[in-house]
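Subject: The structure I promised you

Hello,

Here is the structure I said I would pass on to you. Have a look at it first, and then read on for what turned up.

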Amino acid sequence: MERTHARSGHLPVMYRQALEGLRVHGNGAYLDGTFGRGGHARGVLSQLQAGGRLLVMDKDPEAIAVAEREFGADPRVSIHRGSFAELAHWDATAGGLDGVLLDLGVSSPQLDVAERGFSFGKDGPLDMRMDPDSGQSAAQWLNSAVEKDIADVLWTYGEERQSRRIARAILARRATQPLARTAELAEVIAQAMPRGDQKIHPATRSFQAIRIFINRELADLEAGLDAALARLKPGGRLAVISFHSLEDRIVKQFIVRHSKAPPSNRRLPVEIAFTPTLLAVGGAQKADEDELASNPRARSAVLRVAEKLGAAGPGTGNRGPGKAEADVSGHSRVPGPRSPVPSAGGAA
């Protein structure tokens with residue numbers, strides 16, 4: 001679940017497909033909600049003319065520092081520290097957007113720096129916050145949460161079958177010494193797991209689950225998708241790269257919910273008119289063999305693209321006609337359900 005480092009010629013995950021999906025035009029306005037180290041942002045900026053705009057966001061102060069250093073002097077670029085879940089509250093988006101890109105998960109610089117506490121392979125403080133200035137750290141939560149809550153997080157976000165066993169082991173360990181380091185947590189998990197043929201490190205799913213929970217990643221994703229749809233101009237594109245089935249399911253269901261009428265309900269006496277607001281652009285895309293050969297971290301990446309429907313607005317005139325401009329409507333008796341996302345409690 002990593003976003004690759006975009007420096008030294010190392011392109012980010014699904015770089016070509018993401019830019020093709022956004023269909024960048026020179027005078028458009030585009031938002032990269034997960035700047036990381038700016039790989040995708042550089043690609044968008046390279047296609048913008050003087051009248052184009054690039055808005056970049058990230059929770060991570062280190063990512064924002066990179067953006068300020070490299071793009072701060074460019075009049076086409078605006079930079080904002082914060083979660084993409086709040087993109088609609090940023091005044092710079094009020095004029096509408098021609099494209100929104102979300103590259104989900106933890107970036108390689110975050111994963112590779114032991115002090116950030118994301119990796120069980122590098123001993124460091126047990127933190128895991130993408131925004132280190134907000135919310136509880138992983139250590140604070142693990143040393144105070146009840147056993148059931150820990151087990152529920154490991155199962156819900158990591159699909160960890162040994163969630164209860166691991167939760168009991170965490171409580172037993174913290175009763176004698178609070179957890180403070182990533183290596184300590186990895187050791188507790190490894191000792192709690194039954195022996196057998198392990199293709200992955202025994203702590204992989206647990207670390208993933210705790211990180212998703214601490215950073216409210218799924219809740220932020222749902223809010224960010226709604227915000228992106230609200231700010232996109234008709235004809236604007238949404239491109240989302242996910243690395244986990246839970247993320248991809250949310251993205252897929254969001255696109256379906258806004259592009260297809262839900263099944264009718266015969267028990268309801270009055271039909272509810274349904275007008276689609278999105279058009280899926282192709283299906284799920286995966287990294288090609290060449291990218292996988294040079295970047296194994298792309299193996300779980302899935303890209304989905306959708307276009308906002310409606311009359312053509314500013315900035316769409318040079319795109320030409322397309323199926324997304326069609327007037328497609330239908331009727332349904334009940335709107336589609338949102339996928340439930342467990343609360344992250346006191347997490348950031």
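Let me begin with strand β7, which spans residues 232-242. In this predicted model, β7 is mostly covered, with 10 of its 11 residues buried. If you want to find it on screen, look for V100, whose bridge partner in β7 is L238. Another place to look is L97, which stands opposite L232 in β7.

L31 stands opposite V100 in β5, and V100 is the residue that has L238 as its bridge partner in β7.

G28 lies in the loop between α1 (15-22) and β2 (29-32). Is G28 buried or exposed? Its relative accessible area is 1%, under the 20% cut-off, so G28 counts as buried. Leaving aside residues up to four places away in sequence, G28 touches L48, G52, R53 and D98. G28 and G99 are 71 residues apart in sequence, yet their C-alpha atoms are 8.1 Å apart in space.

The loop between α1 and β2 also holds R23. R23 is not a glycine, but it has a positive phi of about 55°. With a relative accessible area of 30%, R23 is partly exposed. A positive phi turns up at M128 too, again in a residue other than glycine, with a value near 75°. M128 sits in the loop between α4 (108-112) and α5. M128 is buried, and its relative accessible area is 0%.

On to the helices, where two pairs are worth a look. Take α10 (residues 217-231) and α11 (residues 245-259): their axes come within 10 Å and cross at roughly 30°. The two helices are therefore roughly parallel to each other, and their crossing is right-handed. From α10, the residues in the contact are E217, L218, L221, E222, L225, D226 and L229, and from α11 they are L246, E247, I250, V251, F254 and H258. Sorted by class, this contact of α10 with α11 has eight nonpolar, one polar and four charged residues. The spacing of such positions has a simple background: an α-helix has 3.6 residues a turn, so residues three or four places apart point the same way.

The other pair involves α8, which covers residues 182-192. Which residues of α8 are buried? They are T182, E184, L185, A186, V188, I189 and A192. These buried residues pack against α5 (138-142), α7 (163-176) and α9 (204-214). With α9, the packing angle is about 130° and the axes are 10 Å apart. That makes α8 oblique to α9, and the crossing of α8 and α9 is right-handed. T182, L185, A186 and I189 of α8 make this contact with S206, F207 and I210 of α9. By class, the contact of α8 with α9 has five nonpolar, two polar and no charged residues.

After that, turn to the α10 and α11 pair, which is roughly parallel, and then to α8 and α9, which are oblique.

Enjoy exploring, and do write back with any questions.

Best wishes

Terms used: Residues are numbered from 1 along each chain as its sequence is written. This is a predicted model: local features need pLDDT of at least 70, side-chain atom pairs count only at pLDDT 80 or more; totals for chains, interfaces and linings use all residues. Side-chain values use heavy atoms; hydrogens and water are left out. Axes are lines fitted to C-alpha atoms, for helices over the stretch in contact, and angles run from 0 to 180 degrees between N-to-C directions. Helices (H or I, at least four residues) and strands (E, at least two) are DSSP runs, numbered from the N terminus. Angles under 35 degrees count as roughly parallel, over 145 as roughly antiparallel, 65 to 115 as roughly perpendicular and the rest as oblique. A crossing is left-handed if the near helix is turned anticlockwise from the far one by less than a right angle, and right-handed if clockwise. Contact means heavy atoms within 4.5 Å. Ala, Val, Leu, Ile, Met, Phe, Trp, Tyr, Cys and Pro count as nonpolar, Asp, Glu, Lys and Arg as charged, and the others, Gly among them, as polar. Buried means under 20% relative accessible area, exposed over 50%, partly exposed in between (1.4 Å probe, protein chains only). Two strands pair if DSSP finds at least two bridges between them.
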